[in-house]
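Please keep the sequence and the model in view while reading.

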Amino acid sequence: MRRSGWGPLEKDPHCGHLAGGPPVPVWNNLSTAVEKVIHRCRSCLQDKPADEIRKLPTPEAGSSEGPLAQRIRQRQPQVQRMIARGWTISAIARELNLDRKTVRRYARGDITSLMNSEVRRRSLIDAFVPYLQQRWSEGCVNAATLYTEIKAQGYRGSAQTVRRHLQHWRIASAPAEAPPTLTPRKVTAWIMRRPEDLDDDERQQLDAVLSRSEEVATTSRLAAEFTLLLRQHRGTELDTWSDQAEASSVREIRSFATTLRRDWDAVVAGLTLPHSNGPTKGNVNRLKLIKRAMFGRANFDLLRRRVLART
């Protein structure tokens, strides 16, 4: 049976199966799709409605954009114009010296989606904002002092980032609301885990997130149904699930379901049959580990003895 495109069947930590578990790339692709949905609907991670959260003044978008944002604003309209004139993806990539995947993103996405996915990233300082707020309220407004304190707690960013963050507080004369403690990755992990593995607090927080967004709730339901098919090896029911996913309003889940259709026989077999080449991959990994550990230190005879030896 053809397995190209999905890789070997391995043990997956979320499924609890041994070597006969589902294809790990399928699981990872679904997790990525779920995380994209939550990131797009990240306002549902807030405990308060968006209009009740106090915002600090931030610099104008044009003055705070970095090189990546500027490249996106420059390249995306250029690629769109070339597409409209009949240029192919390959021709544009050669002309602009860009990767084909980058050209496809510029051709398929608008400026807003590209800026949200490529530019808006979590800052290293986010986890230390509650501590900075506490020290600020106690009267410590010296950026160098606060930088030293959070650096001792594990902060790996620069002092300039701390100064920029505090500058917003000085302008507003009051600290901002702390960033949400929930992240798209954390919520994704809760959705992909077994419901019985969540504690009461995690279950309560997840239910609150799902109640704030219909798209995230739909994504969670479809992901839960798919993971149940994976864990119970019910590949024969995959067609029904795919029909529901392709008819849903969540574009990331529709895209995932469409991807499954491209290698349908292999996916169904991986979700149905107990066979696996996991042991083979394990031996290959062991061989690579031994080879790398002995590189430059011994000849082939000793390498052969170590590979054949029982461990």
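Predicted model: local features only at pLDDT ≥ 70, side-chain atom pairs only at ≥ 80, totals over all residues.

When residues up to four places away in sequence are set aside, Arg100 touches Ile89, Ser90 and Ala93. For one of these, Ile89, the separation from Arg100 is 11 residues in sequence, while the distance between the two C-alpha atoms is 6.4 Å.

## Helix H11: two sides

Helix H11 covers residues 200-212, and its 13 residues reach 19 Å from the first C-alpha to the last, which is close to the 18 Å expected at 1.5 Å a residue. At its N-terminal end H11 is capped by Asp199, a side-chain oxygen of which lies 3.2 Å from the backbone nitrogen of Asp201.

The buried residues of H11 are Glu202, Leu206, Val209 and Leu210. Because they cover an arc of only 95° around the axis, these residues lie on the same side of H11. An α-helix has 3.6 residues a turn, so residues three or four places apart point the same way. Helix H10 (184-192) and helix H12 (214-232) are included in what covers the buried residues of H11, whereas Asp200, Gln204 and Ser211, on the other side of H11, are exposed.

How many disulfides does a search of the whole structure find? The search finds 0. For Cys44, the closest cysteine sulfur is that of Cys41, and because the two sulfur atoms are 6.1 Å apart, they are too far from each other for a bond; the cut-off for a disulfide is a pair of cysteine sulfur atoms within 2.5 Å.

Is Cys44 buried or exposed? Its relative accessible area is 3%, and therefore Cys44 is buried. Cys140 is also buried, because its relative accessible area is 13%, and the cut-off for buried is under 20%.

## The chain as a whole

The protein chain has 17 helices and 0 strands. Of its 311 residues, 35% are buried, and its accessible surface comes to about 19000 Å², with 51% of that area belonging to carbon and sulfur atoms. Among the contacts in the chain that link residues at least 6 apart in sequence, 61% join residues at least 24 apart.

Technical notes: Residues numbered from 1 in each chain as written. Heavy atoms only, no water. Helix = DSSP H or I, 4+ residues; strand = E, 2+ residues; numbered from the N terminus. Expected span 1.5 Å × (residues − 1). Buried < 20%, exposed > 50% of the residue type's maximum accessible area, 1.4 Å probe, protein only. Arc of directions from axis to C-beta. Contact = heavy atoms within 4.5 Å. Polar contact = N/O pair within 3.5 Å; in protein donor to acceptor, adjacent residues only side chain to side chain. Areas by Shrake-Rupley, 256 points an atom, 1.4 Å probe, with all protein chains shown as cover.
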